[in-house]
Structures are given as structure tokens and as C-alpha cells.
Amino acid sequence: MKKLICFLTFTLGILGCSSEIDSSANAFEKMNTNTTQSLTDISFINKNQGIISGSFGFLAKTNNGGKTWTTLNVGDKQTFMSTCMVNEQKFYTARIDLFVTSNSGATFSKIESISGGPTIFDIKFFSPTKGLLTRSGSILKSDDSGNTWTKIYEGPSVDNLEITSDLVAYAYGGYTAIGFTGGGTIDNGTIIKTIDGGKSWTNTLNSDSNIHSISFISDNIGYYINSRHELHKTINGSTSWTKVSNLSGSTSSVCFINEKTGYYSTDDGKIYATRDGGLNWKIVYNENTERIFKIITKGGAVFAIGDNGLFLKKR
């Protein structure tokens, strides 16, 4: 999640990055979500079944890979910032309050033990009973299907989570402030890791740039993009990172399917693809100017969400 205190427009020099428009520049199909609300989060359990959340209480589910969506009534109009589909019956959505359904969205209940307070930015579950969430830069853990939560990490601020296996997960975030200390810029990022299901966490990266998005294809191999619009890669579980390339545009989110094929999205509505592990990129979607907030992959499918109800699926 980007946290910008004030806005700055600048241009980065591009090194080792191609921004040519690919011959398949309409590689993603726009699908109707029956809303014009901004979409904030997306969660799929396979290539067909998923949910999306958005502003003013919007939540919807699909059983056919996004071809059609059913709008769900959570019973609250807060703008949900996070959502997690655990299985076809149980999923969660949250911002100030945390809501859960156990009947595929027919009814929702508020989990009172965690409700009220700062924004819940992310929710992820290792299993139907064991989950994590981030709030105010801290991590909370549940071992009883989200009914109760215990704070287990409080350190350098993290807002987002990535679970890679039954015991391994990463959390990341950072802080960008422009115009302070005599007009200078404060920019930093953090990645932390657990190998015991969230019981304990180790700081694996302190960076001089905000970590905007990460994508792991295994416990050890992963990628991140930062506030400098750079792509970095690890092959040893975040013990060390290597810069791969500079990226075009104002990057928002990244996902890799394997070590060769990956995608990233931008704030001005473009999607870029690589076929050589991130060394070179080409535009594969450039059909709107709406911000694309997040891009993910599940079961070989690639999905993206953004403003004005935007939902995209790779053709």
C-alpha cells in the first residue's frame, strides 16, 4: 500500500526496460462488475472462484472467473480495504470492522473482538482456522477462524501480507514523505518473514524505498517493486535481493507466474508483461486511463482491479 503525504511528479531514467506496445496490447479483457465503485482488493481460491471489495460497502463474488458477478450485502457502507476468500463458503472483508460469512455470502456477521479502530489493510489465512491481518503497521494473528486476534508483531510499519505455504509468509510496507526537512524526501521500506505460521517474525530487508508490492512464486523466489519503480528479485527467501530492472510508469502492483513470466500494473491504467524474468517489458493492456490498483495470479489466470469498477482478466 502506497502512503504518500504529498504528491510529486517526476521522471525516472529507464535502464534495461522496454516499454514498447506488444502486438497483443489487448491481452486483458474488461468484464462487467455491475458497479462504478473503486475496487480495493481481490482474492481468488482458484481460477474461477473469487471475491472483490470496494468503496461504500461493495463486495461481490464470482464462480466463473469474473464473467459474471453477484453483489453481496454485507450490511455496512464503509469502504472495505481488504478481503480474503478462504474457501467457497467462508470469506472475510474489513476496514474499520471485520466481517465474515460462512454461507458463501448469504449472510455476514461482524467479529466484535476486532471491530472498531484503525484501518485493517490486509487479511490472509494459512488455513480455515489460522489467519493474519495488518492494522496500524502491526500484525495480528488468529487461531480460531478469526473470532479472536492477538498482536504478534509491532515494529517497522507493514501493511500487506503474502502467504507462500502452510508456515511461511511475508509482510511488507514502508513510508514515503515528500516536502519535509527542508523540502527533502523521506523514503523507506521493510520486508519481514515468518517460518512458523506467524508466531514469530524476522526483519529480512530495510530499504531506502517504500515497498509497494511483492509477489512470491515459492517460499524462496520472489519479486518486489518499490517507490523508485524498480523491480528486485530474491532466490533465497528474502535473505538478499538483486535489482533486475527499472520500470516504466507509476507502478502499482506486480505478480509473477513463474521465473520467466510476470506482469505489473500502473496508476495510469496500463499493464506490462515480461517473458524473460523482468529484464524487458512490453505493454499488453492500454485501453483505459483508470488507475489499476492491484494485479494477481491464481491457478494460471491473471486478474487486475482498479477504479470505476474495473476488473480485467488475461485472455
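**Polar contact, pocket lining and an open sheet**

A polar contact of 2.5 Å links the side chain of S227 to the side chain of D187. The model in which this contact occurs is predicted. S227 belongs to the loop between β20 (222-226) and β21 (230-234). With a relative accessible area of 12%, S227 falls under the 20% cut-off and is therefore buried.

The largest pocket holds about 1200 Å³ of space. Its lining comprises 50 residues, and those nearest the centre of the pocket are K124, L161, E162, K294 and I296. By class, 25 of the lining residues are nonpolar, 15 are polar and ten are charged. Several strands contribute at least two residues each to the lining, namely β3 (39-44), β7 (82-85), β11 (120-125), β15 (160-163), β19 (211-216), β23 (251-256) and β27 (292-298). The greatest contribution comes from β27, which supplies six residues.

Strand β7, one of the contributors to the pocket lining, is also part of an open sheet of four strands. The strand order in this sheet is β7-β8-β9-β10, with antiparallel pairing. Because β7 and β10 (109-110) each have a single partner strand, they stand at the edges, and one side of each is left without a neighbour in the sheet. The partner strand of β10 is β9 (residues 98-101); the two run antiparallel and are joined by two bridges. Within this pairing, V100 has S109 in β10 as its bridge partner.

Technical notes. Residues numbered from 1 in each chain as written. Predicted model: local features only at pLDDT ≥ 70, side-chain atom pairs only at ≥ 80, totals over all residues. Heavy atoms only, no water. 1 Å grid on protein atoms, 1.4 Å probe; cavity = no way out; pocket = protein on both sides within 12 Å on 5 of 7 lines; lining within 4 Å. Points joined across faces, edges and corners; volume = space filled by probe spheres on them. Nonpolar A, V, L, I, M, F, W, Y, C, P; charged D, E, K, R; others polar. Pairing = 2+ DSSP bridges. Buried < 20%, exposed > 50% of the residue type's maximum accessible area, 1.4 Å probe, protein only. Polar contact = N/O pair within 3.5 Å; in protein donor to acceptor, adjacent residues only side chain to side chain.
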